[in-house]
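Subject: The structure we talked about

Hi there,

Here is the structure I promised to pass on. Have a look at it first, and then read on for what I found in it.

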Amino acid sequence: MGRVTERRRTLRIRDGAVSSRADTLVAEEPLEIRLNGKPLAITMRTPGDDFALAAGFLVSEGVIAEGGEVQSIVYCAGATADGVNTYNVVDVKLAPGVVAPDITLERNVYTTSSCGLCGKASLDAVRTTTRHPVGDTPPVRVTPELLSALPDRLRAAQKVFDRTGGLHAAALFSEEGELLDVREDVGRHNAVDKLVGRALTDGRLPLSRSVLLVSGRASFELAQKAVMAGIPVLAAVSAPSSLAVDLAAESGLTLVGFLRGPSMNVYAGEHRIALEAGVH
């Protein structure tokens, strides 16, 4: 199985002084996800939690919604012409009776660590495939003070980032601010898929009483993944996109951006933010 980090020689220049040393880098390798033996997608990811990544990806694509819908997830032996297992090909076999989607060239997708799913469909695709609609009753209520403390808790849990400085992270918190799970990956969308996939295998979907925090911006794709997992609150330390805000408003997702210290912007779902009386 691939390593999470790798060492590479680098030329260091510091205040005019030149030296040579090895540097620790985050690993990036392709992962092909197959469904019932047929290629479905390729994503560039950091090796590790590959089965969770594949399961979470299938949740975000609306293929599965419960752990019982998966019969097995395995690495494909003989993934290369000489029969070597690269641990870069995963096959998800659906349980008997679970209908697989029609895998066509139009559905085949390619993801990258930078932009995630390229050429993804519109908001209509999310509406028609969501099986865990945001349905927190009573609604999750979080204070600005609780939200402002989450980035530091996430940063403290980032083990590989400390060695490389090159990873995105996603974390699940309870509505009381307890850290439930954290995953790192070169792609922020992969980190979220790993969280959702682990929740699927643990029987914890939908994540209707949780807060999802991502270390970068909040794209449409990340908002979609939150909605598909039934997560009511998505917070990001950077900016959201306009389409992410549109999706949040239409789906009932609470979307918080620019979460930095005591400052934040609430773009949708402000009814879940517990403000002091008289504060608008």
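Let me start with the cover over helix 3: the buried residues of this helix are covered by, among others, strand 9 (168–174), strand 10 (179–185), strand 11 (210–214), strand 13 (254–260) and strand 14 (263–268). The residues in question are P144, L146, L147, S148, L150, P151 and L154, which are buried in helix 3 (residues 144–157). Please keep in mind that this is a predicted model.

Now for the chain as a whole. There are seven helices and 14 strands in the chain. Of its 280 residues, 50% are buried. Taking the contacts with a separation of 6 or more, 53% come from residues 24 or more positions apart.

How do helix 1 and helix 5 pack, and at what angle? Their axes are 6 Å apart, and the angle is about 95°. Angles of 65 to 115 degrees count as roughly perpendicular, so helix 1 and helix 5 are roughly perpendicular to each other. On the helix 1 side, the contact is made by A52, L53, A55, G56, F57, V59 and S60. Helix 5 brings N190, D193, K194, V196, G197, R198 and L200 to this contact. Sorted by type, the residues of the contact of helix 1 with helix 5 are seven nonpolar, four polar and three charged.

Helix 5 (residues 188–201) also meets helix 6 (residues 220–228): their axes come within 10 Å and cross at roughly 5°. That crossing angle makes helix 5 roughly parallel to helix 6. Here R188, H189, V192 and D193 of helix 5 are in contact with E221, L222 and K225 of helix 6. The residues of this contact of helix 5 with helix 6 comprise two nonpolar, one polar and four charged. If you colour the side chains by type, D193 is one to look for, as it is listed in the contact with helix 1 and again in the contact with helix 6.

Last, the aromatic rings. How many aromatic pairs are there? The count is two. F51 is partly exposed, at a relative accessible area of 32%, whereas Y75 is buried, at 17%.

Y75 also pairs with Y87: the ring centres are 5.0 Å apart and the planes are at 80°, so this pair is edge-to-face. Distant parts of the chain are linked here too, with Y75 in strand 5 and Y87 in the loop between strand 5 and strand 6 (89–94), 12 residues apart. Y87 is partly exposed, with a relative accessible area of 31%. Put together, F51, Y75 and Y87 form one aromatic cluster.

Enjoy looking through it, and write back with any questions.

Best wishes

Terms used. Residues are numbered from 1 along each chain as its sequence is written. This is a predicted model: local features need pLDDT of at least 70, side-chain atom pairs count only at pLDDT 80 or more; totals for chains, interfaces and linings use all residues. Side-chain values use heavy atoms; hydrogens and water are left out. Rings of Phe, Tyr and Trp (its six-membered ring) pair if their centres lie within 6.5 Å; planes under 30 degrees apart count as stacked, over 60 as edge-to-face and the rest as tilted. Buried means under 20% relative accessible area, exposed over 50%, partly exposed in between (1.4 Å probe, protein chains only). Helices (H or I, at least four residues) and strands (E, at least two) are DSSP runs, numbered from the N terminus. Axes are lines fitted to C-alpha atoms, for helices over the stretch in contact, and angles run from 0 to 180 degrees between N-to-C directions. Angles under 35 degrees count as roughly parallel, over 145 as roughly antiparallel, 65 to 115 as roughly perpendicular and the rest as oblique. Contact means heavy atoms within 4.5 Å. Ala, Val, Leu, Ile, Met, Phe, Trp, Tyr, Cys and Pro count as nonpolar, Asp, Glu, Lys and Arg as charged, and the others, Gly among them, as polar.
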